[in-house]
Amino acid sequence: LDGAADGIVVVDHNLRLLRYNSAMQALCGHARNRVLGGVAPVVLQFSSTDGTPLHGADYPLAAVLADGTPRAMELLLRQPDGANRWISGTFSPVHDPGIPQPVLALAILRDITQQKEIEQMQRDFVSIVSHELRAPLTAIKGFAKTLVLKDDELAPETRREFLSTVNEQAERLARLVDDLLQVSRIDSRRVRVEWTEIAIDDVDRDLMGQFHSKWGSRRIQIDAEPGLPLVRGDRPKLEEVLINLIDNALKYSPEGTPVRVAARTVGDEIEIDIEDRGIGIAPEDVAQLFQKFQRITTPATRDIGGTGLGLYI
């Protein structure tokens, strides 16, 4: 039993724990020498997938002992710290040839928490990307259709405005596709770094032009130490990192406040800081910030679009 990768327990007809392997000890967080002989519902606290605690006749091991029918199900297993793990469990009766009712029950449990998290990420991915694709596609389709049907009726400035909107939305789609491709390369460890000499001052100036066209009225304050030396790096990737950080700062800070970009020499490196005066982040949300498809949802951020990929990249 101790060689098995899955958690295994055996209980008698009183639900007392008779066997309890090493994998089960790691799975539920209770030391074997402290729980053997104890009752299973105290050690293995199961809930249904909707969070309803399973007690009495609904407790899987008790149900198997009562009717002798094997069961396979997904459950939540409570940890000593109060958190839950997703579990795939098989519960089986153990018979004595001379006795009709089961004499023991066997449970084999596998931790599927990571699998469930991946499934949730996939659902989030479909939901977020569908939403992010729909808005620009709707705009492109609407303006393009108007241009096709009423081109002769439109004033030149109106036609130019419509075409500009189509172009902006197409660029938005292109950025989304680029982000998804970049995430794919990161996850499969196919990111290639092309090393060159980079002047940080030039990078800052180029980026400011991009942000001025996108954000217009927003003020970005550049605070670069004079005479910064050249650095070794991959300029497109460095620009992508800075664009994502600055864009995030602008997106989540109030309209009238500046975003400050500072660059200075620290030893034999150059340190770049992006500082905003935004709405802040709750301490419990900080750990999620740089995870894929994670977005902090509060009343203040509900109407702010995004895929949750910028900070991950």
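At 27% relative accessibility, Lys237 counts as partly exposed, a class that lies between buried (under 20% relative accessible area) and exposed (over 50%), as found with a 1.4 Å probe and protein chains only. The structure is a predicted model, in which local features need pLDDT of at least 70 and side-chain atom pairs count only at pLDDT 80 or more, while totals for chains, interfaces and linings use all residues. Residues are numbered from 1 along each chain as its sequence is written, and side-chain values use heavy atoms, with hydrogens and water left out.

Lys237 has a salt-bridge partner in Asp234, with 3.3 Å between the closest N and O atoms. A salt bridge is taken here as a side-chain nitrogen of Lys or Arg within 4 Å of a carboxyl oxygen of Asp or Glu. Asp234 counts as buried, at 8% relative accessibility. Elsewhere, salt bridges that share partners tie Glu74, Lys116 and Glu119 into one network. By the rule above, the count comes to 16 salt bridges.

Helices (H or I, at least four residues) and strands (E, at least two) are DSSP runs, numbered from the N terminus. The other is Glu119, where the closest N and O atoms of the salt bridge with Lys116 are 3.6 Å apart. Glu119 and Lys116 both sit in helix α5, three residues apart, about one turn of the helix. As for accessibility, Lys116 is buried at 17%, whereas Glu74 is partly exposed at 34% and Glu119 is partly exposed at 25%.

Turning to the sheet, three strands form an open arrangement in the order β8-β10-β11, with mixed pairing. Two strands are said to pair if DSSP finds at least two bridges between them. Strands β8 (220–224) and β11 (269–275) stand at the edges with a single partner strand each, so one side of each is left without a neighbour in the sheet. From one strand to the next, the twist averages 15°; axes are lines fitted to C-alpha atoms, for helices over the stretch in contact, and angles run from 0 to 180 degrees between N-to-C directions. Strands of a sheet pair through backbone hydrogen bonds, either parallel or antiparallel. Here β8 and β10 (residues 259–266) run parallel and are joined by five bridges. Ile222 has Val261 as its bridge partner in β10.

Helix α8 (residues 235–251) lies across β8, β10 and β11, and runs at about 25° to β11. Glu239 is found in helix α8 and counts as buried, at 17% relative accessibility. Leaving aside residues up to four places away in sequence, Glu239 touches Val203 and Leu207, contact being heavy atoms within 4.5 Å.

Finally, Val191, Val193 and Trp195 make a nonpolar surface patch of about 290 Å². Patches are made of residues with over 30% relative accessible area and no salt bridge, like charges being joined within 9 Å and nonpolar side chains (Val, Leu, Ile, Met, Phe, Trp, Tyr) within 5 Å. Accessible areas come from the Shrake-Rupley method with a 1.4 Å probe, and for residues only the protein chains shown count as cover. Val193 lies in the loop between α6 (156–187) and β7 (196–198), and is partly exposed at 40% relative accessibility.
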